[in-house]
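Before you look at the model yourself, here is a colleague's note meant to guide a first reading. Please keep the sequence and the structure side by side as you go through the points.

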Amino acid sequence: MPIRLREPIPPFADVPDWVNGAIDKSELKGRPVLVHFWAISCYLCKEGLPFVNEWRDKYAEPYRLQVVGVHSPRSDKDKDPETVRGAIRQYDLKHPVAIDNDLTITDSFMNEYVPAYYLFDAEGQMRFYGAGEKAIRMVEQRLHKLLGPKP
């Protein structure tokens, strides 16, 4: 079972391999955060990556949304860092992405699925969790609810 609503964002510790810069939990204070778990072998994950990019760009200003990707391998085939880096380039992921081959972040979130989406408010409390195809349709709705009208 994943972390529960209103629980604090877990740390992003002990992951040595980051693309586009490592993120520390302390850097996220005062910002809404979308944490996206995905895997290169997951077709549905790849289908969702353009949406994640769109949300990253659309809500960066004025809302200051921070997107953090976590590549969570589903099998040993998913653990090749160069293949993951290639997918990050191919799908134009410009936000920080952890290559979580040891499942450190995945375990701290108690996450079992890909794709999975965790949305945290500016105080660092989880406000939404969703996984799978239906979650993709719900993330933007929850972003609107969390972020409110443009200032």
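The points below go from the whole fold to single residues.

1. Please bear in mind throughout that this is a predicted model. The secondary structure of the protein comprises 4 helices and 6 strands, and when the chain is read along its sequence these elements follow the order β-β-α-β-α-β-α-β-β-α. The radius of gyration is 14 Å, close to the 15 Å that the globule rule gives for 151 residues, so the protein is as compact as a globular protein of that length.

2. As for its extent, the C-alpha trace spans about 45 × 25 × 25 Å along the principal axes. Of the 151 residues, 50% count as buried, while the protein exposes about 7,800 Å², of which carbon and sulfur atoms supply 51%. Among contacts between residues at least 6 apart in sequence, 76% join residues at least 24 apart.

3. Asp-78 deserves a careful look, and its place is the loop between β3 (66–71) and α2 (81–90). The residue is buried yet has no salt bridge, since the nearest side chain of opposite charge, that of Arg-74, is 4.6 Å away, and a salt bridge is counted here within 4 Å. Leaving aside neighbours within four places in sequence, Asp-78 is in contact with Ala-39, Ile-40, Ser-41, His-71, Pro-73, Val-84 and Asn-101.

4. Asp-100 sits in the loop between β4 (97–99) and α3 (104–108), and with a relative accessibility of 1% this residue counts as buried. A polar atom of its side chain lies 3.1 Å from the backbone nitrogen of Ile-105. Apart from neighbours within four places in sequence, the residues in contact with Asp-100 are Val-15, Val-70, His-71, Pro-73, Ile-105 and Thr-106. The C-alpha atoms of Asp-100 and Pro-16 are separated by 8.4 Å, although these residues are 84 apart along the chain. A reader comparing this point with the previous one will find His-71 and Pro-73 listed among the contacts of Asp-78 and among those of Asp-100.

5. The count of salt bridges comes to 7, and one of them joins Arg-85 to Glu-82, with the closest N and O atoms 3.6 Å apart. Because Arg-85 and Glu-82 are 3 residues apart in helix α2, they are separated by about one helical turn. Arg-85 is partly exposed, with a relative accessible area of 23%, and Asp-17, Glu-82 and Arg-85 are linked in a network of salt bridges.

6. Two further salt bridges can be set side by side. Asp-121 pairs with Arg-127, the closest N and O atoms being 2.7 Å apart; here Asp-121 is buried, at 5% relative accessible area, whereas Arg-127 is partly exposed, at 29%. Asp-92 pairs with Lys-94, with the closest N and O atoms 3.7 Å apart; in this pair Asp-92 counts as partly exposed, at 40% relative accessibility, and Lys-94 is exposed, at 55%.

7. Where are the cis peptide bonds to be looked for? One joins Glu-61 and Pro-62, with omega about 5°, and another joins Val-114 and Pro-115, with omega about -10°. Pro-62 belongs to the loop between α1 (43–58) and β3, and is partly exposed at 39% relative accessibility; its C-alpha lies 9.8 Å from that of Leu-147, which is 85 residues away in sequence. Pro-115 is in the loop between α3 and β5 (116–120).

8. Positive phi values should be noted as well. Arg-64, which is not a glycine, has a phi near 65°; this residue lies in the loop between α1 and β3 and counts as partly exposed, at 38% relative accessibility. Leu-103 likewise has a positive phi, near 60°, and is found in the loop between β4 and α3, where the residue is partly exposed with a relative accessible area of 29%.

Key. Residues numbered from 1 in each chain as written. Predicted model: local features only at pLDDT ≥ 70, side-chain atom pairs only at ≥ 80, totals over all residues. Heavy atoms only, no water. Helix = DSSP H or I, 4+ residues; strand = E, 2+ residues; numbered from the N terminus. Buried < 20%, exposed > 50% of the residue type's maximum accessible area, 1.4 Å probe, protein only. Lys, Arg positive; Asp, Glu negative; His and termini not counted. Contact = heavy atoms within 4.5 Å. Rg over C-alpha atoms; globule rule 2.2 N^0.38 Å. Areas by Shrake-Rupley, 256 points an atom, 1.4 Å probe, with all protein chains shown as cover. Polar contact = N/O pair within 3.5 Å; in protein donor to acceptor, adjacent residues only side chain to side chain.
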